[in-house]
Amino acid sequence: MADISVNVDGLAMPNPFVIGSGPPGTNEKMICKAFEAGWGGVICKTLSLEADKVINVAPRYGKLKSRTSNEVIGFENIELISDRPIDIWEKELRACKDKHPEGILIASIMEECEEWRWKELTERCEAAGADAFELNLSCPHGLPERKMGAAMGQDCEIVEQVTGWVRKATKKPIWSKMTPNITHISEPAAAAMKGGANGISAINTILSVIGVDLETLRPMPTVEGHSVPGGYSAQAVRPIALRMVMEIARDVPNASISGIGGVECAADAIQFILMGSHTVQVCTGAMLQGFGMVTEMCEGLSAFMDKHGFASVDDFRGSAVQYFTTHADLVQRQKAAKVARAGQRSRDNEWQGDKITAQTDALTAQSGDGKAS
Ligand SMILES: Cc1cc2nc3c(=O)[nH]c(=O)nc-3n(C[C@H](O)[C@H](O)[C@H](O)COP(=O)(O)O)c2cc1C
């Protein structure tokens, strides 16, 4: 069986699979269950200093289902960060570490844009036993109204500044979590690295409207007849997340990457590793399938590595990134391949009388139709 353990930014994990910030890491009980199920690490639900400012609504989720089955394709939420007080969280983080000293526990933190707030939050979480930090600069709904979350993550100067504040407050690894609701994700990712991050988590949810109720004519999820755009996750977002992870791997090569978005099984996770991810996070997948899904992910990763002869995850991480190029280069490669194929078919004894015109075409290099002949 292949060795699927990883060591990322000094964090030793039995596998690269991490519970992403959200309901699966919302309290001590959930975090401990995740460790017991075998997850390589857990990122807690995002916490802040003033939980009383966080007031959730219900319903706050919406599902997009397949047209032909009950399968959930996409998932929208308008959930805020944790509404549980920091002093309770301090006790629970400590209890998680006491029960699972080997488990990698990452504190997801978010605050308003003042240094003392980020410093205090970081120091309190570290004292409670956090092994590393994920900076939530990316929640797309609710918090931006308070100039937090994605409102910070969309501004490269703020990303660098906030990451720098946390860097000053701790020597532990820092991953800055990026919003996909931006044109070029590599820019804030590079800014976070400049501020002192060890790595980048990508992506948080994509701003979305899950649908409109055709009976009530109201947008969903509907709260007292009204709604707000929310964050989209689950398998529908995976292609967008893969593209963004590839861009970060290509443009910010010194960053460790924690890939997130629509991962539901080993095959999904392996694709994120091939795109350059050091770890792979799952949030909605665990909400839909339960913590036990990590067993298939570990077995599937190990089987994939055995099949391809990879001794470690490092052996194939990022190996698909080199095959992205420009459209003009694809056209050049196609042209060159066509000429080479024609060359291979040029032996005189391969001429057949009934195919003479097709064979003449195949040996004609200047064809402009773009089709392989
Ligand atoms: C209900 C819900 C709550 C979430 N809460 C948080 C949060 O508190 N902090 C955070 O950084 N991301 C949060 N996320 C985003 C996820 O961590 C993740 O980035 C995103 O959902 C994409 O991954 P997925 O498709 O595996 O869910 C939340 C996602 C969902 C679905």
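1. Start with helix α3, residues 115-127, in this predicted model. The helix has 13 residues. At 1.5 Å a residue, α3 should span 18 Å, and its end C-alpha atoms are 18 Å apart, so expectation and model agree.

2. Which residues of α3 are buried? They are Trp118, Leu121, Thr122 and Cys125. These residues cover an arc of only 100° around the axis, which means that they sit on the same side of α3.

3. What do the buried residues of α3 pack against? Two of the partners are helices, α2 (86-99) and α5 (156-169). The strands β7 (104-109) and β8 (132-136) are partners too.

4. Look next at what follows the helix. Gly129 comes after α3. The phi of Gly129 is positive, near 115°.

5. The ligand is surrounded by 27 residues. Ser21, Gly22, Ser233, Cys283 and Thr284 are the closest. Strand β6 (72-77) supplies at least two residues of the shell, and so does helix α9 (284-289).

6. Finally, the overall layout. The domain assignment gives domain 1 as 6-323 and domain 2 as 327-362. Helix α3, at residues 115-127, falls within the bounds of domain 1. Taken over C-alpha atoms, the centres of the two domains are separated by 49 Å.

Methods: Residues are numbered from 1 along each chain as its sequence is written. This is a predicted model: local features need pLDDT of at least 70, side-chain atom pairs count only at pLDDT 80 or more; totals for chains, interfaces and linings use all residues. Helices (H or I, at least four residues) and strands (E, at least two) are DSSP runs, numbered from the N terminus. The expected span of a helix is 1.5 Å times one less than its number of residues. A residue is buried if 20 or more other C-beta atoms lie within 10 Å of its own, exposed if 12 or fewer, and partly exposed in between; C-beta atoms are placed from the backbone. The arc is that of the directions from the helix axis to the C-beta atoms. Two residues are in contact if their C-beta atoms, placed from the backbone, lie within 7 Å. Domain bounds come from an automatic or database domain assignment. A residue is near a molecule or strand if its C-beta atom, placed from the backbone, lies within 6 Å of it.
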